[in-house]
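Work through the exercises below with the sequence and the coordinates at hand. Each task is followed by a solution in steps.

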Amino acid sequence: MKKKKSILDSNVLYTVIAIIIGFAIGALFLLIAGISPAVAYGKLINSIFSKPKYIVWTLVYASPLIFTGLSVAFSFRTGVFNIGAEGQFVVGSLAACVIGILVDVPAWIHVPLCLIAAAAAGAVWSFLVGLLKVKRGIHEVLSFIMFNWIAFYLSNYVVNLDGIHKDGSEATKDVLSSARILLPQSVIDKLGCNVSNWGFVIAVVVAIIIWIIIEKTTLGYKLKAVGFNSSAATYAGINSGKSVLTALAISGALSGLGGAIQTLGMGGRLSQFAGQEGFGFQGITVALIGASNPIGCIFAGIFYGAMKYGGSKLSIVKAPSEVVDIIMGCVILFIAISNIFKAPLQKLFGKKEGK
C-alpha cells in the first residue's frame, strides 16, 4: 500500500502520463493534416535510435537545454521565476565567442577562460535583475523580459563590430580552435557527428554539483527555505534579499554556461539574430519535465534534445516539424494541471485498496 501511495505521489508518474497525452494529441493533429501518426512517429524514433551518430546528435542538442533547464530549476527551487534564461544564455554565448575570437592562448587556458567569462556574464545579467527586485521591488518577470530583449540587441550589435564581424556574412568570425570543446578528431570520425563535443559530459557534472548544492549544503538549505517561505526564513535569521541575489546569480551562470557550450561546441561562431532562439524558454520546459530536480533535468534535456533532433527529420515523410512543439506544449500543459488527474487516481486506487 505504501509503495502504491509513493508511486501515486511521484512526479514521474504524472510526467509520463503528460508525455503520453502529448503524443496522443500530436497524433490527432497529424491525422487532421492527413499524415499517418505511425509513419511520422516511426520516423521520429528512427531518427534518434537507428544509428549511433543520431544518439550523439541528440546529446549535442540536449547539452545547452540541460544547462538552461538547470538554470530555471535552480531558481524554481529557491522561489524565483527565472524567465530570463534566454537573455543569460545569449550574453553567455556572446562572452564566450568574443573571448574565443580575441584571446589567443593554449587550449587548456582558453576553454576554461571562455567558460568562466560566459558564466560571469550570465551571473551578472541575472544579478542585475535581482538587485532591481530586492532594492526597488520590481517584479523579476518584467525585468527578465526586458533584459532578454536587451541581450538580443546587444548580441547583434557586438556581432557587427570590427574585429569580431566576418566580412561578407551576418556572423562573427569563427572562434579559435583552441577555444573549441570538440572531441578528438579520431573519436569524431568514429561517431560520425562532426560537432561531437564535451558539452554533455560538462552538463552532467554541473547537474550533479547543483544537486549537491541544493540537497547537501547549508547554502542550499537557506535558498530553499527562502523559496518555501521568505517571511519565515527571515524570521529564522536568513537574509532573504541576499539569498535571492545568490540564487539568481547562480541561475544566470548556468544559463551563461549553456550559451558557451552551444557556441564552443556546436556553433563555433555567433550569427546575427533574426529572432530569439528560444533555448532559455525551452529550459522552462526541461525544468518542468524534470520536476525542478537537477538530475531530472539531465533526462528531461535528453528527451527534449531527442525531440528537437528527431523532429527536424519529419519533413522527410512530409510531416510538419511543428508537431514537436505541439507535443511539448501539451506535455507542459498537462504537467501544469496534473492535479486534475492526480486526485482521481489517488481516490480510485484508495478505494480499491480499501476493498
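S292 counts as buried at 12% relative accessibility, where buried means under 20% relative accessible area, exposed over 50% and partly exposed in between (1.4 Å probe, protein chains only). The model is predicted, so local features need pLDDT of at least 70 and side-chain atom pairs count only at pLDDT 80 or more, while totals for chains, interfaces and linings use all residues. Residues are numbered from 1 along each chain as its sequence is written, and side-chain values use heavy atoms, with hydrogens and water left out.

**Exercise 1. Aromatic pairs**

Task: Count the aromatic pairs and classify the pair of W57 and Y309 and that of W125 and F147.

Solution. Step 1: rings of Phe, Tyr and Trp (its six-membered ring) pair if their centres lie within 6.5 Å; planes under 30 degrees apart count as stacked, over 60 as edge-to-face and the rest as tilted. Step 2: this rule gives 11 aromatic pairs. Step 3: W57 and Y309 are stacked, at 5.9 Å centre to centre with 0 degrees between the planes. Step 4: W57 belongs to helix α4 (residues 52-77) and Y309 to helix α14 (residues 294-311), so their pair ties together parts 252 residues apart in sequence. Step 5: W57 is buried at a relative accessible area of 18%, and Y309 is buried at 5%. Step 6: W125 and F147 are edge-to-face, at 5.3 Å centre to centre and 70 degrees between the planes. Step 7: W125 is in helix α6 (residues 107-136) and F147 in helix α7 (residues 140-159), so this pair ties together parts 22 residues apart in sequence. Both W125 and F147 are buried. Step 8: ring pairs also link Y54, W57, Y61 and Y309 into a cluster.

**Exercise 2. One face of a helix**

Task: Which residues of α9 are buried, and what covers them?

Solution. Step 1: helix α9 (residues 199-216) has 18 residues and reaches 25 Å from its first C-alpha to its last, close to the expected 26 Å, which is 1.5 Å times one less than the number of residues. Step 2: G199, F200, A203, V206, A207, I210 and I214 are buried in α9. Step 3: seen down the axis, the buried residues of α9 fall within an arc of 120 degrees, so they line one face of the helix; the arc is that of the directions from the helix axis to the C-beta atoms. Step 4: their cover includes α4, α10 (218-228), α12 (240-267) and α14.

**Exercise 3. Contacts of N156**

Task: Which residues beyond its sequence neighbours does N156 contact?

Solution. Step 1: N156 is in helix α7 and is buried, with a relative accessible area of 11%. Step 2: leaving aside neighbours within four places in sequence, N156 is in contact (heavy atoms within 4.5 Å) with Q272 and F273.

Conventions
Helices (H or I, at least four residues) and strands (E, at least two) are DSSP runs, numbered from the N terminus.
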